[in-house]
Amino acid sequence: MNIFRLAGDMTHLLSILVLLLKIYATKSCSGISLKTQELYALVFLARYLDLFTDFISVYNTIMKVVFIASSLAIVWCMRLHPLVKRSYDKELDTFRHYFLIGGTFALALVLNEKFTLQEVLWAFSIYLEAVAILPQLVLLQRSGNVDNLTGQYVFFLGAYRAFYILNWIYRYLTEPRFTRWIACVSGIVQTGIYADFFYYYFISWKNNSKLKLPA
């Protein structure tokens, strides 16, 4: 554990709390991509299968449970909550996320650190997380205006991965056997996907105006 890893975890947790606040306070999921939320739920389920076999620390276990439970709760609300599901932008959320699942799983079968079920699923979760935000960004581009809570959710989600890049750099410099190259490359790709959103987010913040993404 280091300061960058902790900052990344807390920023990630904050992004989820902001999203839950939006859903439960407003009883609305307008502007939120169900496709992205389903991808994140799959990411956490695939990555944290070791929850029942490997114990690292109480902190690690709690964070795994929180991420799995919160992602499933969000998907449940968007699909089944009688009020929340009415606000779902189904006509705008049409990204074919199954291609992302199939493509990243195929990549995980070819590029992994060890060809075991747990390591393949770990690599799959890393690759899928790198592109899971794409349906959300496409939905926001199609809708035009972005409400404050949705904008903050996406911003914190991108900032979490940026902190993790600093964490990997720190670990590479301080740990002689740090070799998580899959996570490093995927994290850089993921942060790059957010670059356009970050630009417009800071422009809107600087001008104190409503966040708008170009169509």
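This is a predicted model: local features need pLDDT of at least 70, side-chain atom pairs count only at pLDDT 80 or more; totals for chains, interfaces and linings use all residues.
Residues are numbered from 1 along each chain as its sequence is written, and side-chain values use heavy atoms, with hydrogens and water left out.

**Stop 1: the whole chain**

Colour by secondary structure. You get 8 helices and 0 strands. Helices (H or I, at least four residues) and strands (E, at least two) are DSSP runs, numbered from the N terminus.

How does the radius of gyration fit a compact globule? With 215 residues, such a globule would have a value near 17 Å, and the protein chain has 17 Å, which agrees. That radius is taken over C-alpha atoms, and the globule rule is 2.2 Å times the number of residues to the power 0.38.

Next, colour by burial. Of the 215 residues, 48% count as buried, meaning under 20% relative accessible area with a 1.4 Å probe, protein chains only.

**Stop 2: the largest pocket**

Select R5, R47, Y48, N60 and W122. Of the 32 lining residues of the largest pocket, these are the closest to its centre. About 810 Å³ of space lies in this pocket. On a 1 Å grid over the protein atoms alone, a pocket is an open set of points with protein on both sides within 12 Å along at least five of seven lines; a cavity is a set where a 1.4 Å probe fits but cannot get out; lining residues have an atom within 4 Å of a point. Grid points are joined across faces, edges and corners, and a volume is the space filled by probe spheres set on the points.

Now show α7, which gives the largest share of this lining, 6 residues.

**Stop 3: the second largest pocket**

Move to α7 and α8 (181-207), the elements that each give two or more residues to this lining. The pocket has a volume of about 200 Å³. Select Y201, W205 and K210, which are among its lining residues.

**Stop 4: the cavity**

How many cavities of 30 Å³ or more are there? The count comes to 1. Select H12, Y40, F44 and Y153, which are among the residues that line the largest cavity. Helices α1 (3-26), α2 (34-47), α3 (58-80) and α7 (148-174) each give two or more residues to that lining.

Conventions
Buried means under 20% relative accessible area, exposed over 50%, partly exposed in between (1.4 Å probe, protein chains only).
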